[in-house]
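Here are my notes for your first look at this entry. Keep the viewer open and check each point as you read.

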Amino acid sequence: MPARTIDAELFNARVPNGRRWLLWFLYKVLWRTVFGLVIGLRYVWAKAPHPDGPVIYIANHNSHLDAMSLMTIVPSHRIHLTHSVAAQDFFGRSRFRSWSMKHLVNAVLISRGKEERDEIDPIVLLDAMLRQGHSLILFPEGTRGVPGVMADFKRGVGHLASRHPDIPVIPVYLDGLYRTLPKGRTLIVPFGGTLVMGDPLSFPAETSIDAITEKARLAIETMEQDLLEENKIPSSDSP
Amino acid sequence: MNKLIEAWSVNAEVQWVILIILCILVCSSLAWNVWNFLKPGKLVKELLVRTRSWWIMCACFVATTLAHPVVTVIGLAFLSYALLREMYPLLKLDQRERNVALLCYAVIPVQYALAYLGMTTLFLAFIPVFMFVAIPFMLVVRGETKGIVRSISLMPYSLVAWVYGMSHLAMLFNLPELPGFTAGPQGLLLYFIFLVGINDVLQFAWGKIIGQRAVLPNVSPNKTWEGLVGGVLSVTLIAVALRFLTPLEAWEAAFTGFCVAVAGFMGDAIASGIKRDLGIKNSGNAIPGHGGYLDRLDGFSTAAAPFFHLIYFFGVTAAG
């Protein structure tokens, strides 16, 4: 296999027209219907309007369905420009996996560890993609962790947001999809869930990488807390 | 083609009830908006949100009822499915029992198909006889017995409460031809939906206006004796007034209305008890202002089977 280069990867990320319509149909029609009617995912939309240009979506990660559900909230005209960032070591393991990740999920595969030789620096690649007007879907926890426990965020989102202060970061909190498709299972059993889309965050140019990472994490944690509070019986009130 | 048009045509009785529903919705929307304009408050805000949801629900109910019976049955089956899907995670039946939960979902299309095809005996026996044994056995087959008593109790309960009961509404399409009865199954279905819906609204309204003493203070402090009695009496009267949708005599309609109202209240109370134990206010957030599917459909699913049997008894058995 030839060594990957930034230019080759950027060329790879361009979506021909035919696949653009396939992606639109898959996510805005098919998956949207499956999530809404079959799985019963409730969408809680942001109050602010969706930004027009490139965006970094970040979300907590507990299920393979997470990336699919995030693709359904991307505006139709940007669906071919939006890429989930996925792990090369897991999704690139077989030819079928990497083919479907590229063609059906529109994902970009990056290496998680530093030990893989001949690999390009993921941050440099993602940075170049943002500069070319692509949007990214990041799961800063790095892996599907334990449901209900948010792992520490990797600093990738901080690196990218600090290099692009003009690109908004949209935090998304996902609850309950891990019931429908838990880690390590292959059978999908619909059990509902909630997707909370937050208002876009923007960071001034001088914000440090760690501060951005921390603020992004805090935004998602706040959304988690709000969702928990929403349906509790107040101690003085009645059901 | 003619046959298709015939199947889609709406008879005079059904047109009347749609007009009544429309009037109620328009009047209440107007009233709340005026009230909100004059004196904004928390209660009127809630009423506005609730009424907006009622508009959408009524539109869905009426459209599904007027469509071809297949569409109506699929719509009812979807409500059962939405109830199970909403309640299983709340009842913590989503972890080890997920394969059996999938089996429970699969029961829904079978049960509604039996209703649609009019296989009455099998329809009546499928869930409470066969699935009552099959589901616990499937739970046992997994080989894991920890917490199994809970799942064995809850899963058949969920099927009877939210699938079996609701599926009786699909059975209305298989009533035999009744002499002098022209409103048809669609009329009966709208009659039932109207009664249960207005029952919820009136019990809420009577309770808010003159409610003093709580019926079940530890379960649902918002339900009062005044609301219950006022609601049941009003619904009984409405049931008599709307009996042109049914094959019933005046006193039979009154009895049916009374039973539907009481059963609706019981379903509501049972759901409140379940929610209280689970420590949640609503079963979900699918319907703004109302909560989840269970919050809205608790009365429907409980009153459906009694309603069907009363119609069958008065309309078919007693009429000879």
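Which handedness does the crossing of α2(B) and α8(B) have? Point 1 answers this.

1. Start with the helix pair. This is a predicted model, so treat the values as computed from it. In it, α2(B) passes α8(B) in a left-handed crossing. Helix α2 of chain B covers residues 12-38, and helix α8 of chain B covers residues 184-210. Their axes come within 9 Å of each other and cross at roughly 25°. Angles under 35 degrees count as roughly parallel, so α2(B) is roughly parallel to α8(B).

2. Now look at the residues between these two helices. From α2(B) come Glu13(B), Val14(B), Val17(B) and Ile21(B). They meet Gln186(B), Gly187(B), Leu190(B) and Phe194(B) of α8(B). Sorted by class, this contact has five nonpolar residues, two polar ones and one charged one.

3. Step back to the whole of chain B. The chain has 11 helices and zero strands. Read from the N terminus, its elements are α-α-α-α-α-α-α-α-α-α-α. Its radius of gyration is 20 Å, close to the 20 Å given by the globule rule for 320 residues, so chain B is as compact as a globular protein of that length. Along the principal axes, its C-alpha trace spans about 60 × 50 × 35 Å.

4. What about the inside of chain B? Of its 320 residues, 42% count as buried. Take the contacts in chain B with a separation of 6 or more: residues 24 or more positions apart account for 69% of them.

5. Turn to chain A. This chain has nine helices and seven strands. The globule rule gives 18 Å for 239 residues, and the radius of gyration of chain A is close to that at 18 Å, so chain A is as compact as a globular protein of that length. Its C-alpha trace spans about 65 × 45 × 35 Å along the principal axes. Buried residues make up 41% of the 239 residues. Of the contacts in chain A between residues at least 6 apart in sequence, 75% join residues at least 24 apart.

6. Last, see where the chains touch. Here 22 residues of chain B are in contact with 14 residues of chain A. On the chain B side, α4 (69-90), α5 (98-117) and α10 (250-278) each supply at least two residues. The largest share, five residues, comes from α4(B). By class, the chain B side divides into eight nonpolar, seven polar and seven charged residues.

Note on methods. Residues numbered from 1 in each chain as written. Chains lettered and ligands numbered in written order. Predicted model: local features only at pLDDT ≥ 70, side-chain atom pairs only at ≥ 80, totals over all residues. Helix = DSSP H or I, 4+ residues; strand = E, 2+ residues; numbered from the N terminus. Rg over C-alpha atoms; globule rule 2.2 N^0.38 Å. Buried ≥ 20, exposed ≤ 12 C-beta atoms within 10 Å, placed from the backbone. Contact = placed C-beta atoms within 7 Å. Axes fitted to C-alpha atoms, helices over the stretch in contact; angles between N-to-C directions. Parallel < 35°, antiparallel > 145°, perpendicular 65-115°, else oblique. Left-handed = near helix turned anticlockwise from the far one by under 90°. Nonpolar A, V, L, I, M, F, W, Y, C, P; charged D, E, K, R; others polar.
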